[in-house]
Amino acid sequence: MWGVRPHPRTGRLFASPVAPGTGWPGDPATPQTPVAADPAQVSALAGEVHSIPELDALVSVCRACPRLVAWREQAAVIKRRAFADQPYWGRPVPGWGSQQPRLLILGLAPAAHGGNRTGRMFTGDRSGDQLFAALHRAGLVSSPSSVDAADGLRANRIRITAPVRCAPPANKPAPEEQVTCSPWLEAEWRLVSGHVRVIVALGGFAWQVALRLVEHAGIRKPLFSHGALAELPSGLRVLGCYHPSQQNMFTGKLTPAMLDAIFTDAKTMAGIR
Ligand code: SF4
């Protein structure tokens, strides 16, 4: 078949984007997984989902945002030169990690040549390199680097997810795309919230989304800042952290020591050993 490339770890051949159920490591979907084609179908499917594996499968084949579907698939076909010999996942990226997390980490959206290439949140780009290194120093993942979906990385009671699951142009999802994608995160929250003690929100957008997610009348809602803390009567805490973007790390706005302080605190608050 034209355009197929070997997966960089397994060597198995894939077209880009990857067809559901064709053997990509960790692919939660099958050719029979229902495809949401518009916002109403996202709401309907997300509203009925009963488990994380079911949710991950539905998310991973969603086609409800025409602009984002076109962008993620175009990036998968054209590729970045450094990854020209690889297949690209080219589909929405489901949450990654524990199905019963005590700590939930919320980003923004996958990167076109990171998660959109590897099929795992924050994997394969500079932000992810910083994030996973910090998570490993805190004892929250099993390896300092997350390279691809077959690298054997394990999570220690954490889950990483995002309010938008497809790579957006310029890393900026449109407001209507944020709204369309929101039922997937709401479903994920419904399924994991009984276990979560702490949410770490990476950046101001994730902070707003997290506070909406845990909406509780009467709680004080601080503005976003690095280290901002919102506490719910249930004991759930939302912790703000600058996004580990290349720009934030390069300019020193966010340093590895600052990331370490956040994840050390979050681990303690979440009661993770
Ligand atoms: S951004 Fe969300 S709702 Fe839109 S196509 Fe991707 S997964 Fe579906």
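A: **Helix α6 and the ligand shell**

α6 gives the most to the shell around the ligand, with four residues; helices here are DSSP runs of H or I with at least four residues, strands are runs of E with at least two, and both are numbered from the N terminus. The model is predicted, with local features needing pLDDT of at least 70 and side-chain atom pairs counting only at pLDDT 80 or more, while totals for chains, interfaces and linings use all residues. Residues are numbered from 1 along each chain as its sequence is written.

The ligand is surrounded by 16 residues, with Cys62, Cys65, Pro92, Cys166 and Cys181 the closest, where a residue is near a molecule if its C-beta atom, placed from the backbone, lies within 6 Å of it. Two or more residues of this shell come from each of α3 (66–78) and α6 (175–192).

α6 itself has 18 residues and reaches 25 Å from its first C-alpha to its last, close to the 26 Å expected, that span being 1.5 Å times one less than its number of residues. At Cys181, shortly before the proline Pro183, α6 has a kink of about 35°, taken as the angle between axes fitted to the seven residues ending there and the seven starting there.

Buried residues of α6 include Cys181, Pro183 and Trp184, buried meaning that 20 or more other C-beta atoms, placed from the backbone, lie within 10 Å of a residue's own. The buried residues of α6 pack against elements including α3, β4 (103–106) and β5 (158–161), with contact set at C-beta atoms, placed from the backbone, within 7 Å.

Definitions and conventions:
Buried ≥ 20, exposed ≤ 12 C-beta atoms within 10 Å, placed from the backbone. Contact = placed C-beta atoms within 7 Å.
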